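Subject: Structure for your review

Dear colleague,

Please find below the structure I promised to hand over. My findings on its side-chain contacts follow.

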Amino acid sequence: MTVHGPVMPIWSCGGCGLPWPCLTRKRELRAEYADAPVSLALYLGSYLVQATEDMSWAPAGVLHRRFLGWTREAEVPEPAVQQRSAASVPVRWRPLYPGAEVRVSER
């Protein structure tokens with residue numbers, strides 16, 4: 001059992017007071033549902049439905065990210081922008097069909 005359960009209808013964490021699910025509860029849920037990501041999504045989806053009723057003022061996208069969006073993210077977030085390497089790949093033009101041009105990379 002966890003103390004980091006939701007306090008409804010305000011949807012704060014009973015353990016730390018942060019918006020639920022808090023970081024601790026997310027870690028617990030990841031471990032609990034490590035082999036069942038669809039079950040985790042269904043579980044959190046049911047809470048999302050309840051939360052949309054309780055927090056009708058909150059934008060749907062915000063609630064979706066809060067309850068479900070984090071489930072597909074890696075434990076360690078990847079950088080938002082990938083850095084280009086110093087070596088560049090030469091690019092040439094090759095027609096896809098007569099009269100059309102498509103930019104392709106040579107590898």
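Please note that this is a predicted model.

Tyr-47 forms an aromatic pair with Trp-11; the arrangement is edge-to-face, with 5.8 Å from centre to centre and 80° between the planes. Tyr-47 belongs to helix 2 (residues 37–54), whereas Trp-11 lies in the loop between strand 1 (6–7) and strand 2 (12–13), so this pair ties together parts that are 36 residues apart in sequence. Trp-11 is buried as well, its relative accessible area being 0%.

In total, the structure holds seven aromatic pairs. Another of them joins Trp-11 and Trp-20: the ring centres are 6.2 Å apart and the planes stand at 50°, so this pair is tilted. Trp-20, like Trp-11, is buried. Both residues belong to one aromatic cluster that also includes Tyr-33, Tyr-43, Tyr-47 and Phe-67.

As regards charged side chains, the structure holds two salt bridges. Arg-25 meets Glu-28 in a salt bridge at 3.1 Å, N to O. The two residues are three apart in helix 1 (residues 23–32), which means that about one helical turn separates them. Arg-25 is buried, with a relative accessible area of 9%, while Glu-28 counts as partly exposed at 27%. Arg-25 also forms a salt bridge with Glu-32, where the closest N and O atoms are 4.0 Å apart. Through shared partners, Arg-25, Glu-28 and Glu-32 are joined into one network.

With kind regards

Conventions:
Residues are numbered from 1 along each chain as its sequence is written. This is a predicted model: local features need pLDDT of at least 70, side-chain atom pairs count only at pLDDT 80 or more; totals for chains, interfaces and linings use all residues. Side-chain values use heavy atoms; hydrogens and water are left out. Helices (H or I, at least four residues) and strands (E, at least two) are DSSP runs, numbered from the N terminus. Buried means under 20% relative accessible area, exposed over 50%, partly exposed in between (1.4 Å probe, protein chains only). Rings of Phe, Tyr and Trp (its six-membered ring) pair if their centres lie within 6.5 Å; planes under 30 degrees apart count as stacked, over 60 as edge-to-face and the rest as tilted.
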